[in-house]
Each structure stands twice: as structure tokens, then as C-alpha cells.
Protein chains: 4
Amino acid sequence: MIFPNHIKNLRVKLHEVIFGYDTPAGRNFDIFLIVAILLSVLVVLIDSVGPLHQSFDSQLFWVEWAFTLLFTFEYLLRLYSSQSPLAYARSFYGLVDFFSILPSYLALIESDASFLVVIRILRVLRIFRILKMIRYVSEANMLLRALINARRKILVFIVSVLALQVIFGSVMYLVEGPENGYTSIPLSIYWSIVTMTTVGFGDIVPHTDLGRFIAAITMLTGYAIIAVPTGIVSSELMHEFQQQHRYDHIDIEKVCLHCQRKGHDLDANYCRQCGTKL
Amino acid sequence: MIFPNHIKNLRVKLHEVIFGYDTPAGRNFDIFLIVAILLSVLVVLIDSVGPLHQSFDSQLFWVEWAFTLLFTFEYLLRLYSSQSPLAYARSFYGLVDFFSILPSYLALIESDASFLVVIRILRVLRIFRILKMIRYVSEANMLLRALINARRKILVFIVSVLALQVIFGSVMYLVEGPENGYTSIPLSIYWSIVTMTTVGFGDIVPHTDLGRFIAAITMLTGYAIIAVPTGIVSSELMHEFQQQHRYDHIDIEKVCLHCQRKGHDLDANYCRQCGTKL
Amino acid sequence: MIFPNHIKNLRVKLHEVIFGYDTPAGRNFDIFLIVAILLSVLVVLIDSVGPLHQSFDSQLFWVEWAFTLLFTFEYLLRLYSSQSPLAYARSFYGLVDFFSILPSYLALIESDASFLVVIRILRVLRIFRILKMIRYVSEANMLLRALINARRKILVFIVSVLALQVIFGSVMYLVEGPENGYTSIPLSIYWSIVTMTTVGFGDIVPHTDLGRFIAAITMLTGYAIIAVPTGIVSSELMHEFQQQHRYDHIDIEKVCLHCQRKGHDLDANYCRQCGTKL
Amino acid sequence: MIFPNHIKNLRVKLHEVIFGYDTPAGRNFDIFLIVAILLSVLVVLIDSVGPLHQSFDSQLFWVEWAFTLLFTFEYLLRLYSSQSPLAYARSFYGLVDFFSILPSYLALIESDASFLVVIRILRVLRIFRILKMIRYVSEANMLLRALINARRKILVFIVSVLALQVIFGSVMYLVEGPENGYTSIPLSIYWSIVTMTTVGFGDIVPHTDLGRFIAAITMLTGYAIIAVPTGIVSSELMHEFQQQHRYDHIDIEKVCLHCQRKGHDLDANYCRQCGTKL
């Protein structure tokens, strides 16, 4: 497609404002968007509170639609101004943007009494809008990299813990049984997850002596192994740190005039390769 | 302003005693103050206990006023003896000092039956006196520095966790609904905070199978990501440590007689700069 | 024993498929087995849910027997194809394999109304099958090595914590007594384990002021010492890490032509042993 | 005092057996003592269980006295065989030994109906016997050293957390008030300790919206700062580790024949001080 020059310029400008962070306009757009996202989430929260829902029913309805239309317009602009609309639509943030406006329209089409429960689920999906906020935080990268490096160890750990929880749950089902609230093995596994993660709701608790003994072992196991994921993440972060500060005392721009070797200590006087004075 | 010499000396002396830590008088003043602060907090605590409040009503009233007058006098002395009263009044501790005596006087002015609730809030603010204690602890600095270095990573982490909690809370509101105690999305978010932080009060618990399944995922998520802030703080503290011990094997007083370079290894025989024997 | 050649080959082939991970057939066998194990565990879980048990009683019965026969056949094949059947049967996985099929047969023999409770225990032991899954994850080794290195420190820690819990539990028994739910010292120790591991079910809580004070100390102690196992595991993992990355800057393939010494720095120009130019 | 030689020898022998760990007799004595301590603690636990207490009243009474006499005899032997009885009696383990036998005798003297409550406290003190066990674990030293190094940071941390808990507790007392279970500020501080340590009994929970909001902040604060003690202990343990492994690659016995310098790398061929071949 060949565009006249001024339309091309409009697209470049829009891209700068919508996707960019460097210009004042781009920054203002982002700040405006974060505020709008937070407000729209707030409206959903308010709408779920019974008394407020009844008092401000129609107002909340219109505000929600205003936000939906705003975000729809923003989504279309993003599609229009990106160099490759398809790549954007398929990217993680493209999908989040799409699924944060979809539920409102689906609620419109399927507005039927018998489907009310489904509509409720669709409505809450709009909460995904808040995920957009992560885009604006660049500091998250180091954390993410450490978590990605540690993903296999964390997976192994979680699988082992789940296996333990299945076993502990089953044993508790046998020991305590339905008469003490452990009505099935899945429920007992739910209990052992509640216990090993040290959440401890207290809705299901052991009543027999043997059950309490096994529960104590479950808790101590959970207490002991809570150290493992922390150790994994700590050591990954320490490693990232040391990589970052490894060459702090070296000046990579310091060149030996004799052998061209770069990267000497900040206080070095002689080349560490050929011994020539620097 | 020009002061006669003996008044100048009084101010300097007072400053030494009130703000200083080096003289015996300064140390004794600080110890006396900590004891007074702890006692006055204790009086507030005792006053809030129903039976004790009724038995010792007038005694507690007079003791509280004695402490208020004491701290007011101390505050005025601080203002008087500091080189720049305004700078002190605006500093963190100046504000804490001020707000720890204000509530008592406000309670006096607005002593009205209908304003009782407000007075209660004012009374508790006197608890801020305890914050004064931090001033006396110098060991806190290394911890604070590590926390300040890690502040951005911790913020990113907390924002991500809050976003997750909003989503988990909303999903639980849809799945469990008002009939199981999840009466609104904000309350469901409160539940997801209680669950992900592994507090687990048990005042609101899931009753459906799907709800329990999602609750289990919420707990495991909380269990897995509790490792992240710990890892952040651990690695920051380790870094502080290594910085501190980096030059343990170097004698900074060891000088090369030829090139005057200081700071050689403890067991070095030749200058690491010019090669002269040390 | 002397086998004809083609039977020998069969055993070698079987060993390759059942115990090996390198060939496509071995990989497929393992994946098939994991799916079968997970499905059989799922059947046990479903069977424990009251309504589902009544609806699908006979179907579940036959599916369970199908899995039992499958795993029995697999166990016999493992015995047959391993070079030393006895060594396999005594190994950790050999025992897990055996105990994951045993309960079904025991339930058959003792299928008697009065032994129903025992049968329940036998049935649930089949859950140990899930432990088999750990075999398929090789990433677990580094974690295990760190935990094994730290085993003595963790044991010392757990013994100290248990001693503390016995003391805290006994004190709470004296302070609160049977009238507040602390009916015996073992139950009070159960309470102190629930409290110090920060699980906090809330089925037993202190009601007296002194009891609440001691409970607060118990919690703060638990909060303070939760740091210890984490610190142990973190430092062990960090050590493993540093061992792994110790020789990152060394090229083990770099050989000195004069003295045959291997393993020089990536940027070394002269042999660090005999001084010959590399 | 001058003893005949054979009595001197008896004392030396006894000291070897009772205080020593090197001879088989000393080891056997220690193992016997640990078993006796654990059994006597078990008897106290059993005695506190209502039904068991009634069934085995007299048996438990005699067994308890047998243990008391045994430990008394052991205490006297320790006094007799130690070089300085007074130093032993004043040492930590001397005091623990003394207080683990004292309560039984006090219960004898003050065996009066009206003093029953006091006797209960005295009885439980016998539980301190279990502390003796720590003596037998030498692995605890590294952990203890790390904790002692970190004691000032941990103290600063605990004081800050307690100050926060006083403030959070007081605010909750004002917001929720006695009508929602927060009957006094000390009780509200107890609640905030239960919440910030993530124990979460659920016996006291907020009922107002503002109270739940402040409770959520309390929890998130507790969640965020749980990282600090872990970070402190982790970094201390890491430091201990690095100190231990600092000289792993150095052979301190390798001496240069020319300059007498000790301590060269395991694979060094030339003295790192004077360049002489090793």
C-alpha cells in the first residue's frame, strides 16, 4: 500500500505517542492510560458491592461503557499505528488488550437470564486490563530473568511438593475420615495444601490424636521446605548480581598501545599481557 | 540575634545534652527519654483495657497529662536549643515529636460527646512516640540501605502481587459468589490477600470444589513467590557484605617509599605500581 | 545361566526400553507410564468422592484392576530385564514400584466387612505410585545435593525447634489449662507446632491474657527462626553455584605444547606452569 | 584438699565418663542419658493426658520419682567429679541440670491443695531437661555463630517490627473497636502479631471495610518484611561459608626452600614470593 505522505506521518506520530515512551506526548498518553485502567477496574469493584450496585446502577452502566469504548478505540489505534498489526495482535500485550475489551461486548450479545452466571465470568475478565500495567514497569526484567533461569528448579520443586501433598492428603483421609470433615481425598489434598503452605484456614482440622500427629509432620515438612524456593531465587539473584558487578574494577576502554589488548584494571600501569607501560 | 555569652553557652550545653550522644549527660537524657516514652505508651495501653480504665480513671488521666507536659517541655527545649528550629521542626523526627504531643491537646479542645470517635483516633496517634526509639538505634542503617537499594524491585514485586490478587479475588467472587461469603469483589480481594500472604484467618473460606481448586492455586502461587522478596533482600545484603569485606586482605597503611602508592596486599613484597621493594 | 542369543537380545532391548531414556522407544515408554500413573491416581481420588463412588462403582473397580494388572506386568518386566533383579527390587524405585501394586492384592485377600478400615489404608497406599514420577526429572539432582549437604544443619535446627515447641507447649498447658482447650501437653505441643510454623488453624487459641502474651512470643520466635532453614539452603545453593561457575573463565581444552598442562585462562599467553608461549 | 591416690583416680575416671565424649564409656553414658531424658519427658507428657493420668496414676508417680532420683544422683556425681564444682554449678548446663530436678522436690514440699496451680508450673519446668540434648550436638556451632553475628541486626529488626505492631494494633482498636472483638489495645496488638507473623488464627478478625483494608496493609507489610531476617541470616551464613572455603585451593604446608614462605597454591610450581622452583 502506498500512503500519501501526511498520512504516513500521522501513523508514525501515533506510533510514537501510543507505543513510545521517549516523547512528552508518549509519556502523558501512558500516564492517562494507567489512570483510565485503574478507574475502570475501580468501577468493576464498586459494581460488585451490593448496596452501591443498587444505588448507582445506571451511572455505573454508562461509565463502564464509556471505558469499554475508550479502550476499544485505543485498541483500534494500536492496530492501525503498529508496523505489523498482526504481530501486535498476536503479542502478549495485544492479546491482553483484546481480552480486556471482549467481555463487555459478549455480555451484550448473550444478555440472557439463564446465561447470567456465564456473563458474570465474562465481566470479571475485564480485570485483565490491570495486567497492562506491567508493560510500564521496566524494572521487572531482572526479577523475571532470575525467575526464568530458575524455572526448571522451581518446577521440580512444585511437582515434588504436590506429590507429597497427595500422599499426606490421602493418609489424612484414611486416618480422620469423612466423620471428621475429610470427606474425600481431593478435599484432604486441599487441606494438605492449606497446611503445607502454612495458610491454615482452620475450616478443616484434625480431631484424632494420630491425625494431629500426621498434621504436625505435614506442617514441619512445609516449614522445612519453604526454604527451598527461597534458596533457589536468592542464589539466582546473587548470581545475576555478581555477573553485573564482575567487571566493576576493569576499564574496558583502556587499550595497550603495544599489543592492542583492551580491558585493564582501573589502576593498572602496565599491560597485563605484554608488560608495556600503558 | 546577639546573645550574652552565658546564654549562648546554655544553648550549646542543652544541644549537647538533648541532641548529642557522646557525653554521659547526653546518654543519660536519651535513656531517660526512652523509659518515659515506653511508660507513656504503656499508660495508653492500660487505659484501653475496660476494667483497668474504670478502676484507675483519674490516676491514668493525670499520668497521661504529666507525660504530655513532659514531652511538650522537651519539644520546646529541642526547638530552643537547635541551631535552626525550623529545620528541626520540619525534619522527620521533628514531625514525629510534634504529632506525639498534639493529640492530647486536641482531645482537650474537642472534648465533646459526639466527637468521641474522633478523639479516639487522636489518642492513638500518641503511639507514634514509640517511633522516636528508632533514632537511638544506629545499627539500623545497613538494613535500611539494603532496603533502599532494593526499593524498586520490591515495588515492582508488590504491584505484580496486587494485580494477581485482584484477579484471583475476582475469579473467586464469580466462582463462590455472595452465597458462600464472597459478597463483593473488594471482599474477595481481601480474601486473596489473606490467602496469598499465608495468613489464612478462615473467616471466609471456599465451599465449592472449583473454589477450593482455585484457592489451592492461589496458595501455591503465594508460596512460590514468597521467595522473591527474600531473594531480593538476601542478595542486596550479601552485596553490602562483600563490599565491606572486599579490602580485608589489603593493608591501606602500607606505603611504597618510591611512588607513595598506598594500599598493598598484606603479604606483598613489591609495590604493585612501580615494582620497588616495599 | 546360558540364554540363546535372541532371548539375550530381547532382555537387552527390554532393558533399553524400560530403564533407558535415550531411544525414542524408551522415551515413549516413560511418557506412557507417567500418563498411566497419573490416571490411576486420579481414579483413586475419584473413588474417594462419595457421590462419584456410588454412581461409577463397578466401572471404577474394573479400571483400578486394569491399572493394577498393567503395573504388575511392568514390575515383572523390570525384574526380568534388569541385570540384577535383586538389586533392582531393593533399590528405592524398586520398593516404590512394589508398594504401589501391593495394596490392591492385599485388599483382595482381606476383603471382609469388618476389615473395611484396613482396606481403606491399603487402597490409599497405591498413591505412592506418584513418587515414581520423580525418577523422570533429572533437574532434581542439584536441589537434592544441596539438601543432602545441609542435612546435618537442618537436623540440628529441627531438633532445637522441637525442643522449643515442647517447652512452649507445656507452658501453654499450665497457663491456659484444659478449660481453654489445652487438654493435655501433647495437644499443647500440637498447638505450638501449628503456631510456630505460622499455620495457625485457630481450632485451639489462647483465651487468657498471659496465654496470649506467651502465644505472641511463640509466634515471634517462629517468625525469627523461619529465617534459619532458608539461610542454610540459600548458602548451600550459592556454594553449588559458585562451584559450577568457578572455572567459567578457564578453557580446559587449552594445552601447553611443552609440558602438556591443560586448563589455562581464556586470555592466557604463556603456560602458567612452565612459562612456554601457548 | 589432699586425696589418696585411688580416690583421685576415681574422680578423674568419673569426669572422663560423665563429661567426656572420647572414650566408649563416655559415649555410652551420654547415649544412656539422652534416652533417660527423652523417656522422662515422655512420662510428663503422658501424665498430662487426662484418661492416661487416671489409669496409671501410681505407676507414673513412681516412674517420675525414679527419674528424679536418677538425675539427682547424676547431678551430684557431676558436682563431685568436676574440677571446679562451683564453676560447673554456675555454667549454663549446670543451671539447666539443677532446674530440671528442682521442680519435683518443690512439688513435694508444697504439696497443698491451694497451691496446686503453682505445682503445675513447677512440674512443667522439668521439661527443661530436654535442653540438655543440645549439649550433644556439635553441629549447632556454625548456626549459633551466624545467629550471634547477626544478633544486633535481628534485634533492630524485632524492635522495629514490634513498634509497627503497636501502631497497627492501636489503629485497629480505633477502627474496629470492642464491638468487633478488639476489646483493648493489648488485645489488638496480639491480633497484629498474629497477623504480621502470618499465623492468622482467625479468633479475632476485622468486620468493617476500613478494618479489612488496614488488615490487608498489615498482612502485606508482614509479607514484605519477612524477607529481612531471612536475608540477614542467609548473608551471615554465606559469609561463614566463604571464610571456610577461602583457602581451599591453598596448601598451607607447602614451603619454599629458598625464602621459607608457606602457603602456596596446590598446583604452584614456583614460589609466589621469590620465584624459586618449589
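Over which ring does the charged end of C:Arg11 sit? It is the ring of C:Tyr80, with the centre 5.6 Å away. This is a predicted model, so local features need pLDDT of at least 70 and side-chain atom pairs pLDDT 80 or more, while totals for chains, interfaces and linings use all residues. Residues are numbered from 1 along each chain as written, chains are lettered from A in the order written, and side-chain values use heavy atoms, leaving out hydrogens and water.

**View 1. Arginine over tyrosine in chain B.** Here the charged end of B:Arg11 sits over the ring of B:Tyr80, 5.5 Å from its centre. (A charge sits over a ring if NZ of Lys or CZ of Arg is within 6 Å of the ring centre and within 35 degrees of the ring normal.)

View 2. The whole structure holds 17 aromatic pairs over all chains. One of them, B:Phe201 with D:Trp191, is stacked, at 6.2 Å centre to centre and 25° between the planes. (Rings of Phe, Tyr and Trp, the last by its six-membered ring, pair if their centres lie within 6.5 Å; planes under 30 degrees apart are stacked, over 60 edge-to-face, the rest tilted.) B:Phe201 is buried at 2% relative accessible area, and D:Trp191 is buried too, at 1%. (Buried is under 20% relative accessible area, exposed over 50%, partly exposed in between, with a 1.4 Å probe and protein chains only.)

**View 3. Two phenylalanines in chain D.** D:Phe67 and D:Phe71 are stacked, 6.2 Å centre to centre with 20° between the planes. Both are buried.
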